[in-house]
Amino acid sequence: MTPAVEISGGTVAIGGRPILRGIDLSVRTGEFLALMGANGSGKSTLVRALVGLRPLAQGEVRLFGTPLDDFGTWHRIGFVPQRASAASGVPASVWEVVAAGRLTRRRLFRPLSRADRAAIHEALEVVGLADRRTDAVSHLSGGQQQRVLIARALAGQPELFLLDEPTAGVDLPNQEALAATLGRLKDRGATVVLVAHELGPMRRLVDRAIVMRDGRVAYDGPPLRDHEVHEPWFAEPHTHHHHPVAEARPRPDHAPHVSSPLDRPSGGERS
Amino acid sequence: MSTLELFELPFMQRALIAALLTGLAAPAVGTFLVQRRLALMGDGIGHVAVTGVALGLLTGTSPTWAAVLVAIVGAVAIEIIRERGQTNGDVALALLFYGGLAGGILVSGLAGANGSRIQQFLFGAITTTSPQDVIITLVLAVAVIGCCVGLSPQLFAVAQDQEFARVAGLRVRFYNVLVAVLAAVSVTVAMRTVGLLLVSALMVVPVATAQQVTRSFRTTIAAAMALGTLASVGGLVVSALAPAGTSVTPGPTIVLLALAGFVLAWPVGVWLRHRARLREPFAPVGPVAHETTGTHPHEHGPDCGHLAVPHVDHVDYVHDGHRHAPHGAHYDEH
């Protein structure tokens, strides 16, 4: 059977420096994979490369057997990016943010169909936020906003979920709610790739764990206990970072930032 | 001349149509700019468009079409800088703005245009709108409103979360450039009404006013368009009714009217947010111990006047720094 997602010989360079080197990874359909590792180990970069947000310097990504450049059935993919908040500059209701996830299946200039509405409603039910659908997302707690982002990915009814640190900065009751949601997805036969610093309540769901270290795969096998991931041979000792979003982009200094078309400070990120 | 006669004048009717269309189109684009935290982009495009107007005057072609072209070039340039840059590239944008304004004034000087001619474009001259201008305004405004409303699901998703939109298969760069072009077109549409230096106000202020009281994107954009129309038509009427001997121009009147709306809505927004915070359910954590209140002569109830906040499966009544939960005949400290 073709793997849900596969990367072979994958190398990602950011700003000319190779960050991920020689990554070979294949995720079976229905597998629940945890992508772990210390901060800066490259786990987020890897998941972003898998969905095409980071171009590969070498190697190839295949989604459902199709090379990434030819892949067009994006409704099969549900991506939950790493976000501190689901809010933007203008108020948006929970329903509206989740409805954006349905765009993978909607045609231009068409209103929401009955099937679209049903899928959005079901996505809200799964994450347990159906009663908050008319509320502004910015009024929700951090953990609830993470659940909104998951519901947005769910609304397109995808087969493969890729979640980038959905538990960062989320308190334990909300982590348990997230774990319950992911458990329901797993029961339905979805393939899940979960990037996490620590598994916590998600541990029982994980079929296979990958531990990244300095841009390479250091471990591939059955799930590990949280403390084992932070053994010295994996990475630097355990540091309690829970603000990965703030860390991900170093703040520029105070020199006026003027970029020219030749200047690609984001390392050739496609957008 | 009576008020009624004033509105029967053809130039006044043309001005009203132009104001109505501007008031609808500018906040529609403005909502997407504010959503992307690019509130000042309209201002930047306005500055760049000054050069376009001046080039039109210099070459003897239509200043409006020259402004449309230069504004689109400027907006796309801003979009490219923003996309390539690490941050919003605000310093890079500022450089572009100053270049646009200074270039415009210099080139218009070369064209021999006098100060009042360029001032028409900087601060608006809605009452000099010709029938041809009304048709151009109509076509451009309808195109802008059609794109903003028809493509709102896509534009919303891209502005909300670009990375998610990309993985959802949307052509993010196309929509980013589209918003930039729409912003440029609405800047030139609004040029006649409020002028290039004030155009951003009509794109941003109604949105800021609307979001004081709204909770969803749909109501925000609809309310912003309604408020923008109210401000632009209202401002025009107010300036037309100004007493004889004064020279009240519509542009600043429209902007001040829009700002007055914000000043009125802001305290309402502050109060609504404060109220929502107070009524937010308490954390689903039980009390540390079963601690009853002392003597409690007051009986809490739905109409007792104290703030009632949901707490797990019951209600805590808040007063004097306490959270009292009814428990049988007494109250517990929660």
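This note goes through a predicted model of chains A and B point by point.

1. Conventions. Residues are numbered from 1 along each chain as its sequence is written, and chains are lettered from A and ligands numbered from 1 in the order in which they are written. Because the model is predicted, local features need pLDDT of at least 70 and side-chain atom pairs count only at pLDDT 80 or more, while totals for chains, interfaces and linings use all residues.

2. Chain A overall. Chain A has seven helices and ten strands; helices (H or I, at least four residues) and strands (E, at least two) are DSSP runs, numbered from the N terminus. Of the 271 residues in chain A, 43% are buried. A residue is buried if 20 or more other C-beta atoms, placed from the backbone, lie within 10 Å of its own, exposed if 12 or fewer, and partly exposed in between. Among contacts in chain A between residues at least 6 apart in sequence, 71% join residues at least 24 apart. Two residues are in contact if their C-beta atoms, placed from the backbone, lie within 7 Å.

3. Strand S1 of chain A and its partners. S1(A) (residues 5–14) runs antiparallel to S2(A) (residues 17–27), and seven bridges join them. Two strands pair if DSSP finds at least two bridges between them. A:Val12 has A:Leu20 as its bridge partner in S2(A). The hairpin of S1(A) and S2(A) has two residues between the strands, and A:Gly15 there takes a positive phi near 60°. S1(A) is also joined to S4(A) (residues 58–63), by five bridges and again antiparallel; here A:Ile7 has A:Val61 as its bridge partner.

4. A:Gly9. This residue is found in strand S1 of chain A. A:Gly9 is exposed, because 12 other C-beta atoms lie within 10 Å. Leaving aside residues up to four places away in sequence, A:Gly9 touches A:Gly22, A:Asp24, A:Gln58 and A:Gly59. A:Gly59 is 50 residues from A:Gly9 along the chain, and their C-alpha atoms are separated by 4.5 Å.

5. A:Gln157 has a phi near 50°, a positive value in a residue other than glycine. A:Gln157 is found in the loop between helix H4 (142–155) and strand S7 (160–164) of chain A, and it counts as partly exposed because it has 19 C-beta neighbours inside 10 Å. A:Asp214 is not a glycine either, and has a positive phi of about 50°. The loop that holds A:Asp214 lies between strand S9 (208–213) and strand S10 (216–221) of chain A. With 16 other C-beta atoms within 10 Å, A:Asp214 is partly exposed.

6. The sheet of chain B. Four strands form an open sheet in the order S1-S2-S3-S4 (chain B), with antiparallel pairing. S1 (307–311) and S4 of chain B are the edge strands, each pairing on one side only. From one strand to the next the twist averages 40°. Three bridges join S2(B) (residues 314–319) to S3(B), and B:His319 stands opposite B:His322 in S3(B). Four bridges join S3(B) (residues 322–327) to S4(B) (residues 330–333), where B:Pro326 stands opposite B:Tyr331. In the hairpin of S3(B) and S4(B), with two residues between the strands, B:Gly328 takes a positive phi near 60°.

7. A helix pair in chain B. The axes of H11(B) (residues 199–210) and H13(B) (residues 250–278) come within 8 Å and cross at roughly 20°. Axes are lines fitted to C-alpha atoms, for helices over the stretch in contact, and angles run from 0 to 180 degrees between N-to-C directions. H11(B) and H13(B) are therefore roughly parallel to each other, a label for angles under 35 degrees. Residues of H11(B) in the contact include B:Leu202, B:Val205 and B:Pro206, and those of H13(B) include B:Ile254, B:Leu259 and B:Phe262. By class, the residues of this contact are eleven nonpolar, two polar and no charged. Ala, Val, Leu, Ile, Met, Phe, Trp, Tyr, Cys and Pro count as nonpolar, Asp, Glu, Lys and Arg as charged, and the others, Gly among them, as polar.

8. The contact of the chains. Chain B gives 44 residues to the contact and chain A gives 36 residues. On the side of chain B that touches chain A, the elements that give two or more residues include H2 (10–35), H8 (152–160) and H12 (217–240). H8(B) supplies the largest share of that side, six residues. The side of chain B that touches chain A has 19 nonpolar, 15 polar and ten charged residues.

Notes: Parallel < 35°, antiparallel > 145°, perpendicular 65-115°, else oblique.
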